[in-house]
Amino acid sequence: MKKEQEIRVLMVEPNEHPKEFLLKNTLSAMQEAVGGMIDIADLEGDICLLLNDEGKLIGLDGCRRIGDDIIAGTFYVCGSNEEGELVSLSDDEMERYREMFWEPEEITQEEIEATCRIEFYPLDF
């Protein structure tokens with residue numbers, strides 16, 4: 001399967017309504033889009049979030065609450081395929097996540113700091 005040159009995703013920025021965005025499907029374009037190192041987090045099914053891996057640590061503005069976590073900085077809602085590659089959202093997915101993230105949220109830096117955590121996992125030797 002040939003990789004898409006651009007993927008159609010939903011851009012969610014702090015204090016803004018989400019909007020459709022064409023993202024070049026390259027590492028450098030993704031890093032530029034999030035303003036740093038990327039992280040990809042599963043949202044549900046074959047939908048994931050592309051976000052800045054250090055957003056909370058470098059003081060990016062809070063964007064949206066997801067469960068008991070907060071995403072700091074601009075993030076992108078993307079589809080993913082069986083190979084784990086990012087792909088375009090369908091029209092239905094675009095509309096669903098536009099509605100889900102429609103309302104901007106007021107999030108303080110204190111709230112963001114409260115969600116920063118380090119988890120340790122035991123090593124089995």
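Tutor: Buried means under 20% relative accessible area, exposed means over 50%, and partly exposed lies in between, with a 1.4 Å probe and protein chains only. This is a predicted model, in which local features need pLDDT of at least 70, side-chain atom pairs count only at pLDDT 80 or more, and totals for chains, interfaces and linings use all residues. Residues are numbered from 1 along each chain as its sequence is written, and side-chain values use heavy atoms, with hydrogens and water left out.

Student: Why is Cys 63 called buried?

Tutor: Cys 63 has 0% relative accessibility, so Cys 63 counts as buried.

Student: What does Cys 116 count as?

Tutor: Cys 116 counts as partly exposed because its relative accessibility is 33%.

Student: How many disulfides does the structure hold?

Tutor: The structure holds 0 disulfides; a disulfide is a pair of cysteine sulfur atoms within 2.5 Å. For Cys 63, the nearest cysteine sulfur is that of Cys 78, 14 Å away.

Student: Why is the sulfur of Cys 116 too far for a bond?

Tutor: Its closest cysteine sulfur, in Cys 63, is 15 Å away, and therefore too far for a bond.

Student: Which residues have the most contacts inside the largest nonpolar core?

Tutor: They are Leu 10, Val 12, Phe 75 and Val 77, in a core of 13 residues. A nonpolar core is a set of buried Ala, Val, Leu, Ile, Met, Phe, Trp, Tyr and Cys residues joined through side-chain atoms within 4.5 Å.

Student: What does Val 12 touch?

Tutor: Contact means heavy atoms within 4.5 Å. Not counting residues up to four places away in sequence, Val 12 touches residues including Cys 63, Phe 75 and Val 77.
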